[in-house]
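This report walks through selected features of a two-chain model. Please keep the sequence and the structure at hand while reading.

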Amino acid sequence: MAKKIIRDIPLNRVEGDLEIRVELENNRIVDAWSSGTMFRGIENILRGRGALDGLVITPRVCGICSTTHLMAAAKALDQIAAVSVPDNAVRLRNLTLMVEHCQSDVRHSVLMFLPDFAAPIYQAHPLYTEAVKRYAPLQGERCIDVVRQTKTILEIIAILGGQWPHSSFMVPGGVTYVPTMTELNQCRHILQHYRKWYEQTVLGCSLERWQAVRSATDLDAWLAEGASHRESDTGFFLRFAREAGLHALGQRHGCFLSYGSLDLPGDTAIVGAGEDKLLVAAGFVGKDGQPQRFDQAQVKEHVGFSWYTDYPGGRHPFEGETDPQATGAEGKKYSWAKAPRYLDQPAETGPLAERIVGGDPLFCDLLRRDGANLVIRQLARMTRPATLFPAMETWVDEMIARHDQPYYTAVPPLVEGRGFGLIEAARGALGHWVEIKDGKISHYQIVTPTAWNGSPRDSEGVRGPWEEALIGTAIKDIDNPVEAGHVVRSFDACLVCTVHVVGPGRIPVRC
Amino acid sequence: MVTLFWMQCGGCGGDTMSFLNSNSPDLLELFDTLGIRLLWHPSLSTLSPSAQNELIETLIQGEQPLDILVVEGAIIRGPASTGMFDTRNGQPKKDLVATLAGQARHVIAAGTCAAFGGLGTEGHTKATGLQFRKREPGGLLGKDFRSASGMPVINLAGCPCHTEVMAGALSALVSGQTPELDEFNRPLDWYGMTVHQGCTRNEYHEYRVEEWDFAQRGCLFFHMGCHGPLVDGPCNKLLWNGRSSKTRAGVPCFGCTSPDFPMPYPFFETRNIEGVPIELPKGISRAHYLVYKGMAAAAAPDRLKKRETKI
């Protein structure tokens with residue numbers, strides 16, 4: 001009979017802390033439990049505070065996506081105020097959110113995901129020496145370059161919003177600052193610099209060339225086309241992953257969720273996805289592969305396996321509570337993360353889900369050919385900035401051209417009401433559900449992307465997406481389970497968010 | 001080589017993200033120039049779990065000398081003082097922090113959460129800073145704690161800690177300098193001035209040309225909740241990301257370098273009595289301030305009253 005062992009794997013190089021418990025049989029994962037090991041209780045801190053205070057507290061949920069939480073918080077308050085945000089404010093908000101994504105996607109890929117290729121377990125890999133030269137932590141050439149370049153694009157957020165991370169420049173009705181023409185010109189220069197660098201190093205080709213890659217066959221041809229493609233981070237990643245057989249890892253779940261993101265200004269040259277007037281489409285793709293319209297009423301959170309006071313089934317975030325309960329039932333409950341479900345199903349969220357929901361031809365084709373494995377998930381993240389730059393440039397240009405138009409609409413004090421702010425964070429679907437009573441926050445629930453992806457089991461005992469994705473993964477060295485790290489990191493785990501967001505819950509993973 | 005171990009506790013990772021913004025020198029040049037060897041950082045290291053456990057064991061035993069311990073995030077003590085809201089390998093992280101602090105030559109609290117407890121102090125998590133809980137000395141390590149260098153925990157407050165403050169503190173400590181500290185053990189070089197100093201709205205403040213709403217040019221102190229004149233910090237001297245600051249961009253200062261952060265009242269309002277803020281800049285006599293601001297408002301030039309002067 002096969003010998004079963006259970007091991008706890010702490011994972012580093014994720015934002016925050018995550019521990020994964022795996023059960024192995026013949027060195028293959030047969031079961032997995034994802035545990036957020038920290039509780040920060042941010043939602044409870046918010047209750048009773050001033051109506052606008054989520055704009056200050058929630059960016060502090062996460063150091064790498066603080067602008068993202070600010071956006072979700074501001075949109076929830078816009079809804080409560082029933083205010084129409086002026087076009088220029090929509091452009092400015094969108095631009096800063098996209099800047100944060102362009103920073104996060106590249107930092108995650110090169111500083112957090114790719115360093116695993118320089119791990120000793122790959123010594124026999126033909127590209128190992130090259131991987132060490134490129135991606136050894138803080139010493140590899142590409143790591144050094146990424147540390148030096150990714151901070152530059154963040155200057156745009158500082159110019160428009162004061163600082164990064166942790167500013168609060170989005171408010172109900174718009175933004176706090178009217179940038180000067182000079183400042184907008186500076187933003188344009190910074191954006192061009194970063195785009196050019198991204199094209200030359202991460203992508204290895206122009207955005208236009210990349211946009212012509214529309215199928216799995218096109219991708220193979222792109223990789224074979226020239227040295228700049230093969231030598232870029234994207235090309236190297238694909239070659240290394242293919243040789244290492246990583247396409248076989250991180251499969252086994254099939255639902256994709258996107259809340260949709262980036263409202264189009266009323267007057268813009270940018271064309272959105274579908275009828276929602278969004279740049280990034282909203283939707284849900286179930287196991288049958290059929291796209292469905294997204295309805296926020298179908299989001300529920302379960303706590304059957306989370307360290308909170310029990311309730312049956314799932315609750316919508318407007319009805320949810322975050323009441324930590326860490327004693328008793330220890331055998332069953334194992335995470336500070338709650339378990340969000342859509343139509344009672346777990347769902348993967350993030351750049352790959354956005355592409356599948358939006359019907360992107362390349363990623364839909366790769367999904368058909370190879371399944372939802374870790375390689376296409378990571379490829380979707382590395383190449384997402386290529387989908388954002390054109391709209392970013394257009395929106396800066398439109399702010400310059402329409403500089404005399406407003407950035408803010410006055411909003412009276414918020415006294416009563418409830419609203420939600422749903423957007424796509426770098427890691428996927430992020431929602432803030434807010435209720436105001438007597439001018440104070442009476443209810444605040446945050447459901448983060450990592451709560452979706454790193455969810456523990458739900459009330460029905462169904463595993464979360466990366467728990468499920470880990471099943472079947474072969475581990476060569478249990479003391480250094482790099483393969484499990486690949487799988488979880490392909491979801492770009494952000495446990496600090498989960499902690500906060502879910503009310504409680506931070507998942508540490510170290511690998 | 002100077003060894004550095006970076007621990008993250010109950011925080012958001014924002015101090016690390018801020019540190020990555022370092023410029024002239026950037027992070028890598030800084031480590032290189034100072035001869036710092038990064039033993040471990042949770043976001044940047046690739047040590048396997050077993051190698052990490054071995055490293056921590058050698059640090060605890062003193063076999064591996066530890067020159068600098070940096071702690072980011074609050075020390076979480078809940079529930080019921082167990083610390084089990086924040087664990088590593090099933091053990092409370094707070095115990096590991098205390099053990100490593102006892103071995104380190106210098107201990108740095110990166111950010112307000114590590115220094116004073118920050119966000120979690122009022123909630124379920126019973127958070128504290130390393131050597132203070134808000135204004136109260138003590139914290140995790142006790143008010144008498146001194147690291148092997150003889151210094152208390154160096155508190156680099158801010159949410160997040162400004163990257164130049166972190167880089168400057170590391171440079172000073174590695175060079176054997178002893179930074180002069182304030183009553184909350186914050187280095188005076190950066191916390192010996194108010195956030196207000198250097199704000200481009202200062203002329204509006206001077207003549208009490210005040211705003212009641214967002215996206216304007218006037219001063220945010222009197223109605224919009226700005227703490228710039230009340231708290232210490234270098235935001236408007238160093239600027240953020242080399243570019244700007246919150247107050248310059250129309251965002252009130254929320255006082256994030258203060259041991260009191262987050263303050264228990266709404267962030268976007270100034271508590272006042274008949275239009276005069278309850279909290280006045282340090283050391284000011286209320287009566288004199290009233291007279292001074294009354295006269296200043298009367299003397300305000302039209303270009304300010306009409307918001308013509310750019311910021």
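This is a predicted model: local features need pLDDT of at least 70, side-chain atom pairs count only at pLDDT 80 or more; totals for chains, interfaces and linings use all residues.

Most residues other than glycine have a negative phi. Is A:Asn26 buried or exposed? A:Asn26 counts as exposed, because it has 9 C-beta neighbours inside 10 Å and the limit for that class is 12 or fewer.

## Cis peptide bonds

Most peptide bonds are trans. A cis peptide bond, however, joins A:Trp164 and A:Pro165, with omega about -5°, and A:Pro165 is found in the loop between α6 and β4 (170–171) of chain A. In chain B, a cis peptide bond joins B:Ser24 and B:Pro25, with omega about 0°, and B:Pro25 belongs to the loop between α1 (14–19) and α2 (27–34) of chain B.

## The parallel sheet of chain B

Five strands of chain B form an open sheet in the order β2-β1-β3-β7-β11, with parallel pairing. The edges are taken by β2 (36–40) and β11 (154–156) of chain B, each of which has a single partner strand, so one side of each is left without a neighbour in the sheet. Neighbouring strands of this sheet are turned by 25° against each other on average, direction ignored.

Within the sheet, β1 (residues 2–8) and β3 (residues 68–72) of chain B pair in the parallel sense over five bridges, and the bridge partner of B:Leu4 in β3(B) is B:Ile68. Helix α4 (residues 93–103) of chain B packs on the sheet, where it touches β1, β3 and β7 (106–110) of chain B, and the direction of this helix makes about 155° with that of β3(B).

## Domains of chain B and an open helix

Chain B is divided into domain 1 (2–191) and domain 2 (193–311), whose centres, taken over C-alpha atoms, are separated by 31 Å. The contact takes 18 residues from domain 1 of chain B and 12 residues from domain 2 of chain B. On the domain 1 side, α5 (112–116), α6 (163–174) and α7 (188–191) of chain B are the elements that give two or more residues, and the residues of that side divide into nine nonpolar, six polar and three charged.

Helix α10 (residues 286–299) of chain B has 14 residues and reaches 20 Å from its first C-alpha to its last, close to the 20 Å expected. Of those 14 residues the number buried is one, so α10(B) lies largely in the open.

## Where the chains meet

Between the chains, 68 residues of chain A are in contact with 56 residues of chain B. Among the elements of chain A that each supply at least two residues to this side are β1 (4–11) and α4 (87–113), while α6(A) gives the most, with 10 residues. The residues of the chain A side divide into 39 nonpolar, 17 polar and 12 charged.

Definitions and conventions
Residues are numbered from 1 along each chain as its sequence is written. Chains are lettered from A and ligands numbered from 1 in the order in which they are written. Two residues are in contact if their C-beta atoms, placed from the backbone, lie within 7 Å. Helices (H or I, at least four residues) and strands (E, at least two) are DSSP runs, numbered from the N terminus. Ala, Val, Leu, Ile, Met, Phe, Trp, Tyr, Cys and Pro count as nonpolar, Asp, Glu, Lys and Arg as charged, and the others, Gly among them, as polar. The expected span of a helix is 1.5 Å times one less than its number of residues. A residue is buried if 20 or more other C-beta atoms lie within 10 Å of its own, exposed if 12 or fewer, and partly exposed in between; C-beta atoms are placed from the backbone. Two strands pair if DSSP finds at least two bridges between them. Axes are lines fitted to C-alpha atoms, for helices over the stretch in contact, and angles run from 0 to 180 degrees between N-to-C directions. Domain bounds come from an automatic or database domain assignment.
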